[in-house]
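Q: Can you walk me through this model? I'd like to start with a single residue and then move to the interface.

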Amino acid sequence: MAAMEEYDDNYLIVLIGSGDEAAFQIFFDRRMGDVFKLSYSLLLDKQMAEDATQEVFVKIWQKAVHWKADAAVKTWLLTIARNHCLDVLRKKRNDLKKHHSFFTDMISLDKDVKANSSESKIDQEKHKGNIKNALFELPERQREAITLVYYNEVRNLEAAGIMGLQVAAFDSLLARARRNLRKQLEGEEDLLRGYSIK
Amino acid sequence: MTKEAEEKLKDYLALYGRDFSRWPITLSAAERKIAADIPEYKAAQDVDSVLEETIWPEVSSSLKARTLEKIKSMPQAEIQMPAVPLFVTMMIRKPAYLMVSLAMFLCLGVVSGNSYKISSQPSDTAYSYFAMGPAYSYSVQAGGAYGGK
């Protein structure tokens, strides 16, 4: 008999649906990274992304029995994760609206920090670091598209389905995201060149 | 290489990057080789490098334990079976009902078959799908399927 680690996702989900905790653990180990990355790319907060990952897997535990074999497990899992994160974001935005004045203060503070940061030598290192995290500077939907395709390794067709878009619209979103990354990269290069002249 | 073909390769580079495994499989090896020589390939390579070097936060080691702890207190959803009609339930529970139902269906079949045979004329069967010859001759006699004179 094959070890449970070798079972494919479909079989593991069927086992999870029957209440098999060992299958759940294997599925968690296998897919936790995918869910965490998608959650983090949407929420941009480690703690919130971990909480979202936990909630998503609890939902999987509860809903595994409703999984239909006509949908790929990974697509189903990522759709649940995305919907959960969007719910979290919606709640967060509503809370922020309630505390509008606090929020505007934070934005002005953030702008001050960014304005000051571009002038110090220490920040040169920070900008170098930023190149590596340019993904997280992208708008939400572009981040999501890149994460699905490059980190979750989902095909464009499936990723479009997860985001509820037509494939052509998804392709254009992805191309726009890559273009923005390129622009950021050029901006960083110009900035670093400026430092080296000084 | 035509201008259109080059534009297509540029679009693919902008969309899929330098990793040809993501590209449409319809693209030939020669086209991929040409794509690698386009100046846009370097730009795509830079973007891919940024994506490869992205630093993701480390996931807490306690996350798995926390999740496993939580699911222990969570009941799983139950499968909702579709509602079964009462007469089906009765047939399954009592074989006598099943036998009576089968006998009734049999009788109904015999009666309806006989009534069709009595009421139908020989000409009805002549033009059925199973009798190609008469149907063809009928259409010829009547002036064809398109209503000729």
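A: A:Val73 lies in helix α4 of chain A, residues 73-98, where helices are DSSP runs (H or I, at least four residues) numbered from the N terminus. This is a predicted model, in which local features need pLDDT of at least 70, side-chain atom pairs count only at pLDDT 80 or more, and totals for chains, interfaces and linings use all residues. Residues are numbered from 1 along each chain as its sequence is written.

Q: Is A:Val73 buried or exposed?
A: A:Val73 counts as buried because its relative accessibility is 3%; the cut-off for buried is under 20% relative accessible area, with a 1.4 Å probe and protein chains only.

Q: What is A:Val73 in contact with, beyond its neighbours within four places in sequence?
A: Its contacts (heavy atoms within 4.5 Å) there are A:Asp9, A:Asn10, A:Ile13, A:Phe27 and A:Trp67. A:Asn10 is 63 residues away along the chain, with the two C-alpha atoms 6.3 Å apart.

Q: Now the interface. How many salt bridges are there between chain B and chain A?
A: Six by the rule, which asks for a side-chain nitrogen of Lys or Arg within 4 Å of a carboxyl oxygen of Asp or Glu. B:Lys70 and A:Glu55 form a salt bridge, with 2.6 Å between the closest N and O atoms.

Q: Which elements of chain B touch chain A?
A: Those giving two or more residues are α1 (3-16), α3 (40-53) and α4 (63-72) of chain B. The largest share, nine residues, is from α3(B).

Q: And how many residues are in contact on each side?
A: 36 in chain B and 46 in chain A.

How values were computed:
Chains are lettered from A and ligands numbered from 1 in the order in which they are written. Side-chain values use heavy atoms; hydrogens and water are left out. Buried means under 20% relative accessible area, exposed over 50%, partly exposed in between (1.4 Å probe, protein chains only).
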